[in-house]
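Student: I have a model open and would like to know what stands behind the labels used for it. Could we go through them one at a time?

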Amino acid sequence: MKRERLPAFIVSACLALVLTTLLFAGACSEPESPTTTQETQITTTPQETKEPSETATPSPEATTSPCEEFINTFEKEGVSITSATLIAATSSVPEHCEVRGIIVPNTRFAVELPTDWNGRFYMVGNGVFAGNIEYAAMQAGLSMGYATASTDTGHDSTLDPLGPLGATFAYNNPEAEIDYCFRAVHQTAVMAKEIIEAYYGNQPSYSYFVGCSTGGRQGLMEAQRYPQDFDGIVVGAPVLDFTGTMIWGIWNALALSDNGSIPIDKLKILADAIYEKCDGEDGLVDGLINNPLDCTFDPATDLPPDSFTPA
Ligand SMILES: [Ca+2]
């Protein structure tokens with residue numbers, strides 16, 4: 001598959017990924033689905049179990065549904081469907097066909113197709129450095145009858161030696177950075193619409209993207225680069241200035257390490273002095289400083305004598 005070239009400034013922004021760990025893990029509240037489920041199911045290859053033996057007599061049980069047949073009927077260059085499973089309705093989601101696969105070389109995706117489809121498409125974004133398919137977030141759209149999709153953006157966060165918040169995938173790997181930055185979301189959106197049309201016989205009447213934090217950034221980059229992908233985009237807490245955010249993280253880390261650090265025991269001295277000076281400025285001594293910007297705390301005069309070394 002021919003891959004798109006990336007403008008230099010985007011490469012620069014994404015290179016900052018490897019410099020530090022993003023601090024927005026708690027910026028959005030969408031839960032992530034267990035990765036063990038993802039790993040277990042995506043390695044299944046249904047074709048291997050569908051090959052009839054030469055002497056077998058077809059039985060009613062062997063009849064496959066349109067969903068299960070999808071793995072054999074959908075073809076797209078550069079896309080491999082690894083499973084298509086009809087999932088029974090639960091208290092949370094309706095009956096749906098769950099299609100999983102890979103866009104070459106490494107972008108895993110899931111598309112969930114409700115049997116009772118509302119005619120629309122709902123794609124969800126990722127959090128932090130992505131690396132997982134957001135099955136839990138997909139449920140929000142699926143439960144309302146949308147066809148939904150998610151991508152891991154081309155890498156597996158469970159394999160990162162720095163843990164699920166690591167970004168080792170990006171080191172010396174510009175193609176992975178591009179996939180994480182924007183390409184995987186765009187490719188998944190385009191492909192998901194093709195899957196939807198192949199499954200239902202109709203394209204979605206409207207398409208939406210919903211994302212927060214990294215997902216918010218993904219939504220804004222979609223709007224900027226591929227405005228034809230979605231009719232509506234819901235963005236929460238977007239990481240707007242990625243390079244600046246990374247430098248901010250490094251700045252804070254350096255300030256709080258080695259000679260710049262404030263030991264825990266001294267942190268309480270500092271906090272007590274700040275509360276003493278400023279808690280009552282809002283009219284009530286209650287352990288809350290309503291407007292910290294109104295606080296006139298001056299370390300040179302308001303800290304206890306000899307409690308801190310001079311700056
Ligand atoms: Ca107060």
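Tutor: What follows is a set of questions on labels, each answered from its cut-off.
The model is predicted, so local features need pLDDT of at least 70 and side-chain atom pairs count only at pLDDT 80 or more, while totals for chains, interfaces and linings use all residues. Residues are numbered from 1 along each chain as its sequence is written.

Student: How many helices and strands are there in the protein?
Tutor: The protein has 10 helices and 7 strands. Both are DSSP runs numbered from the N terminus: helices are H or I with at least four residues, strands are E with at least two.

Student: Why is glutamate 98 called buried?
Tutor: A residue is buried if 20 or more other C-beta atoms lie within 10 Å of its own, exposed if 12 or fewer, and partly exposed in between, with C-beta atoms placed from the backbone. Glutamate 98 has 20 other C-beta atoms within 10 Å, so it counts as buried. Across the protein, 31% of the 311 residues count as buried.

Student: What makes strand 2 largely enclosed by the rest of the structure?
Tutor: Strand 2 covers residues 96–103 and includes glutamate 98. Of its 8 residues, 7 are buried, and therefore the strand is largely enclosed.

Student: What does glutamate 98 touch, not counting residues up to four places away in sequence?
Tutor: Its contacts are Thr85, Ile87, Ala110 and Glu112. A contact means that two C-beta atoms, placed from the backbone, lie within 7 Å.

Student: Where is the cis peptide bond that joins valine 104 and proline 105?
Tutor: Proline 105 lies in the loop between strand 2 and strand 3. Omega for the bond is about 5°. Most residues other than glycine have a negative phi, and most peptide bonds are trans.

Student: What is the phi of serine 213 and of asparagine 172?
Tutor: Serine 213 has a positive phi of about 65° and is not a glycine. Asparagine 172, also not a glycine, has a positive phi near 55°. Serine 213 is in the loop between strand 6 and helix 7, and asparagine 172 is in the loop between strand 5 (147–151) and helix 6.

Student: How do you know that the reach of helix 7 is close to the expected one?
Tutor: The expected span is 1.5 Å times one less than the number of residues. Helix 7 (residues 214–225) has 12 residues and reaches 16 Å from first C-alpha to last, close to the expected 16 Å. Its buried residues, among them Thr214 and Glu222, pack against strand 4 (120–124), helix 6 (174–200), strand 6 (206–212) and strand 7 (232–236).
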